[in-house]
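Please read it alongside the sequence and the model shown below.

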Amino acid sequence: MMNTVTSMKCACESCLCVVNIGEAIAQNGKYYCSHNCADGHPKGESCGHDGCNCH
C-alpha cells in the first residue's frame, strides 16, 4: 500500500510552517508557504504566519 504525501515542511530552512502541497508555492521543485520564503526573503520579512520568524 502506497501513501501519497500531501503536506510537508516549507523548503525555507528557517521556516517552521507545514504546507499543503496543493496550496503551496512551487519553485525549483521545492514547496514554500509564502512568496517571501520562495523568493529567499529579499526584504528580510518573515512568511507572516503566526509563531514563525523565518528570514
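H41 is buried, with a relative accessibility of 8%, and lies in the segment that follows α1 (35-38). The coordinates come from a predicted model, so every value below is computed from that model. The chain contains one helix and four strands, arranged along the sequence as β-β-β-β-α.

**Surroundings of H41**

- H41 counts as buried because its relative accessibility of 8% falls under the 20% limit.
- Beyond its neighbours within four places in sequence, H41 is in contact with C12, N36, S46, C47, C54 and H55.
- The phi angle of H41 is near 55°, a positive value in a residue other than glycine.

**Overall dimensions and surface**

- Along the principal axes, the C-alpha atoms of the chain fill a box of roughly 45 × 25 × 15 Å.
- Of the 55 residues in the chain, 29% are buried.
- The chain exposes about 4,100 Å², and carbon and sulfur atoms supply 48% of that area.
- Among contacts between residues at least 6 apart in sequence, 19% join residues at least 24 apart.

**Nonpolar core**

- The largest nonpolar core has 14 residues.
- Within this core, the residues with the most contacts are C10, C15, C33, C37 and C47.
- When neighbours within four places in sequence are set aside, C15 is in contact with K9, C10, C33, C37, C47, C52 and C54.

**Cysteines without disulfides**

- The structure holds zero disulfides.
- C10 takes part in no disulfide, and the nearest cysteine sulfur, that of C37, is 3.9 Å away.
- C10 is buried at 2% relative accessibility, and C37 is buried with a relative accessible area of 4%.

**The loop between β1 and β2**

- E13 is placed in the loop between β1 (7-9) and β2 (18-20).
- E13 is exposed, because its relative accessible area of 78% is over the 50% limit.
- E13 and C54 are 41 residues apart along the chain, and their C-alpha atoms are separated by 8.1 Å.

- I25 belongs to strand β3, which spans residues 25-27.
- Not counting residues up to four places away in sequence, I25 touches K30, Y31, Y32, C33, S34, H35 and A38.
- I25 and P42 are 17 residues apart in sequence, with a C-alpha to C-alpha distance of 16 Å.
- N28 sits in the loop between β3 and β4 (30-32).
- N28 is exposed, with a relative accessible area of 74%.
- The phi angle of N28 is near 55°, a positive value in a residue other than glycine.
- A phi near 55° is thus found in the exposed N28 and also in the buried H41.

Conventions:
Residues numbered from 1 in each chain as written. Predicted model: local features only at pLDDT ≥ 70, side-chain atom pairs only at ≥ 80, totals over all residues. Heavy atoms only, no water. Helix = DSSP H or I, 4+ residues; strand = E, 2+ residues; numbered from the N terminus. Buried < 20%, exposed > 50% of the residue type's maximum accessible area, 1.4 Å probe, protein only. Core = buried A, V, L, I, M, F, W, Y, C linked by side-chain atoms within 4.5 Å. Contact = heavy atoms within 4.5 Å. Areas by Shrake-Rupley, 256 points an atom, 1.4 Å probe, with all protein chains shown as cover. Disulfide = S-S within 2.5 Å.
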